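Please read the points below with the structure open beside you, and look up each residue as it is named.

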Amino acid sequence: MNLPDYQVLPAPLWLITSLHLLTLALHFIAMNFVVGGLVLVLAYRAQDRWCNPVILRFVRLFPIVMAATVTFGVAPLLFLQLVYGRFIYAASIVSAWFWLAVVGVVIASYYALYAASFSNRLSARKVCLAVALIGAVYVSLAYSSVFSMMERPELVKQLYAEDQSGLVWNPRFKDYLLRWLHMMAGALTIGGFFASSVAVGNPASPDPGRRFFLWGMVLGFLTGLAYLFSLGEVIGPFMRSPAIWVLAPGLVLSLLSVWFYHRRNLVIAGGALSLSMLAMVFSRHSVRLLQLEGHFDPSAVPVRPQWTVFALFLVCFLVALILGSYMLRVFFRRAESRQT
Amino acid sequence: MHYPFWDVGIGYGILMAAVAVPHVFVSHFAIGGGLYLIVAEHAARRAGDDRHLAYLERLSRFFVLVTLVFGALTGVGIWFIIGLLNPAATEALIHTFVWGWAIEWTFFIVEILAAALYYYGWRHMAPRDHMVLGWIYFAAAWLSLFVINGILTFMLTPGKWLRTGSFWDGFFNPTFWPSLVFRTGVCVMLAGLFSLLIASREEPADFRARLLRRNSAWGITGLAIMAPSFFWYWRAILGQVPSTAVQGMTTPVYWIHLSYWLAAVIAAALILFGLLLARRLHVAVAAILMALGLAWFGAFEWFRESVRKPFIISGYMYGNALEVAREPIYRKNAYLRFISCPSGDEAADLFRHACRSCHTVNGYKALKPAFDGTDTAFIAAIVKSTDLLRGSMPPFWGSAQEADLIAAHIRDRVDTRHLSEIYGLHGSELGKKVYDVRCGGCHRIGGATDKTGSLAGLADADYEGLLDMASELGEGMPAFTGDAAERAALIQYFKTLKHGGAE
Ligand code: HEM
């Protein structure tokens, strides 16, 4: 009997990659809101910061944005495992305990965010937010270490040969510390941006987002460039690859977003920021492909599309969007008619 | 073998259960609880019962916190843990069902949003709109079950998929529908039992009694759905496995009987305490009922897992990630060259990939008792014929040398003294121990391959001859490699055997 072979892709690679990168960009935006927002809320120095409506709004929004972070994290992980399973499973097994701990830590952070949003006591609220931030920092570091390990299959083999207990933390910090810092700088930028957006509705109080947005941008440029130049043998091929034509406009878009931010045109600034996020995610993906070159070529995996199921997915997705906006509408409709 | 093997001291079964059990309980509760809330809200609003509404609002806060955070993330946890414990199986499932999961993800979005808005909207939303949110939540949650149920049942009964490889054949497999109905019943039952527990502490007494009756009715309804659908499910499974396999399934059948008894006890207790004596129901009784309900469902999940053994995906991939389709490749080339992440210790790697996903040496499903006081030749023989032993194990397709390596690896970690020393036995008692260790794995007395009939009442010389040529008695049967004392004791034990069973 000929059993079905599972080493096939159930849709063309371009389609899977598009969904992968799109959902990953959404994951990053939500994750940045949580991480950058937490730093902002905890680090913002102003006399009556706990009365600032932006801060209060953030504290109430965190649990919901965390839900979005998780939801938009699940999808790219699915596609990552679908295409790069060989590498991500192996790397996560080497760091198994740290990888598994992510789930527990996310649960703890998530509850801490809920606790902070329900709590009325200032000190308790601060503690909860700090716990959530520590958790989020752990998760992001763990991810950076594992995802950078998976891009070096030889390293995975070597680390596994030394220790099979799943208690190995990727020791090649130089591979991923800058990459992680770059992510965190991005978080400050996005967190600051959202704060400024919320502040628009409260012109009476100071905008706590400004400094974070600008400093995040500066740090982002510095760490990003440093990371790029730390890539070693991949820099050359990267500079010559089409990805550079995506990264370059991405950088320009970031600068443009600063310009429009400065002009208080947050809608255009936000659009530019989102597009530059997409460009970054694409570049990050291209670096991954270059690093895996010689080990794996995803376009060589045979494709056996499941179009009917995919079509059903699209329909469900559409229905989800419609239902989602319907629910938000009825939720806020009543809220407003009550308030006025 | 395409992946490194996580060598963790805790048994894989325990790790898996630690993550999966809480999730499975909470996720079914998340569905049933959603239905419960919305049905109760309708009733409370129709009756204009403010106390009931306030109670439901409190319940929904707890509900949101448990299901959205803990329920959703332990689900992610299961995904993480199966990726660590059996990456190959996870990979096979994702390649086959990725769009199924993508569809589930769309339901998940709706579910999360609906639950959050439902909770935050109690006070300010128009009742009708609020209840619409509740229904949307329930529909989305149940549809996620619909999808996951397809994938779970696929692992047990992939049915036509094994021939066609088609998504739909795998998804709507032979146990899809009975399992879906059964799990829906579980959701309803858990919602009833859980709300029973919460309500048992409400005041005043007549309000409590009203709630308790309502919640007991939910529990009983759930059970009433579960019992027949379970029977249907079991029939569907029997239709998929060869009847010889059913004979070997002593464990699953045991669990089935246990679960029927449990169901009867829960139903009786619900009728007695929840409906008839609702006024006097104590928190402790409600807690016990809840525990019994979870045990019932746990027994079912355990049963499902044990029926599937030795496979992770029936007929396709074994529990240790061995793919059925690769048998000829392994038989020809053996295992070692396919181990993609070697640790440097070949014996350890082989042991991990062949046995460690189900056994540890000392802890969970320990191999130590089975191999204490034996020898490398015997262990190697067992390694080569694991599929003959009780417990439905995967076959071994490695080479003889590889089996020797595994045997030496195990032997280094077990007690190497003689059986008589280890257990302090002699005479026919030692003989019985020798039998248990060296023969009982394949010929359990009273089991399907009981050899008492051939062994009882022979002459000494026949016994000697039988042990001399043991390895020729059956394909895969080991030679007798015990020492002279063990041989003598075993023969002494044989002599106590009578036709029709041991004394
Ligand atoms: C507190 C919660 C979380 C934080 C702070 C966080 C942070 C991050 C960071 C910093 C990265 C980039 C790592 C790098 O490439 O250097 C990342 C990537 C990623 N995260 Fe999250 N994450 C969180 C939760 C989750 C969850 C719950 C999931 C999924 C279950 C998830 C899925 C992913 C995936 C799949 C990627 C990378 C995908 C790819 O490289 O293709 N994240 N996350």
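1. Chain B is divided into three parts, namely domain 1 (12-305), domain 2 (324-411) and domain 3 (419-502), where the domain bounds come from an automatic or database domain assignment. The C-alpha centres of domain 1 of chain B and domain 2 of chain B lie 38 Å apart.

2. Before going further, please note that this is a predicted model, in which local features need pLDDT of at least 70 and side-chain atom pairs count only at pLDDT 80 or more, while totals for chains, interfaces and linings use all residues. Residues are numbered from 1 along each chain as its sequence is written, chains are lettered from A and ligands numbered from 1 in the order in which they are written, and side-chain values use heavy atoms, with hydrogens and water left out.

3. Two cis peptide bonds in chain B deserve a look. One joins Glu203(B) and Pro204(B), with omega about -10°, and Pro204(B) belongs to the loop between α7 (176-199) and α8 (205-238) of chain B; helices (H or I, at least four residues) and strands (E, at least two) are DSSP runs, numbered from the N terminus. The other runs from Lys309(B) to Pro310(B), with omega near 0°, and Pro310(B) lies in the loop between α11 (283-308) and β1 (311-313) of chain B.

4. Ala321(B), in the loop between β2 (317-318) and α12 (327-333) of chain B, has a phi near 75°, which is a positive value in a residue other than glycine.

5. Turning to the ligand, residues from chains A and B surround it, so the site is shared between chains. Of the 23 residues around the ligand, those that come nearest are His20(A), His27(A), Ser144(A), Arg284(A) and Arg288(A), where a residue is near a molecule or strand if one of its heavy atoms lies within 4 Å of it.

6. Which protein residue is the donor of the iron atom of the ligand? The only one is His27(A), through NE2 at 2.1 Å, donors being N, O and S atoms within 2.8 Å of the metal (3.2 Å for Na, K and Ca), and since water is not among the atoms, sites may look incomplete. His27(A) has its place in helix α1 of chain A.

7. The distance is 2.6 Å for His20(A), 2.9 Å for Arg179(A) and 2.7 Å for Arg288(A).

Technical notes
A polar contact is a pair of N or O atoms within 3.5 Å; within protein, one must be able to donate a hydrogen and the other to accept it, and residues adjacent in sequence count only if both atoms are side-chain atoms.
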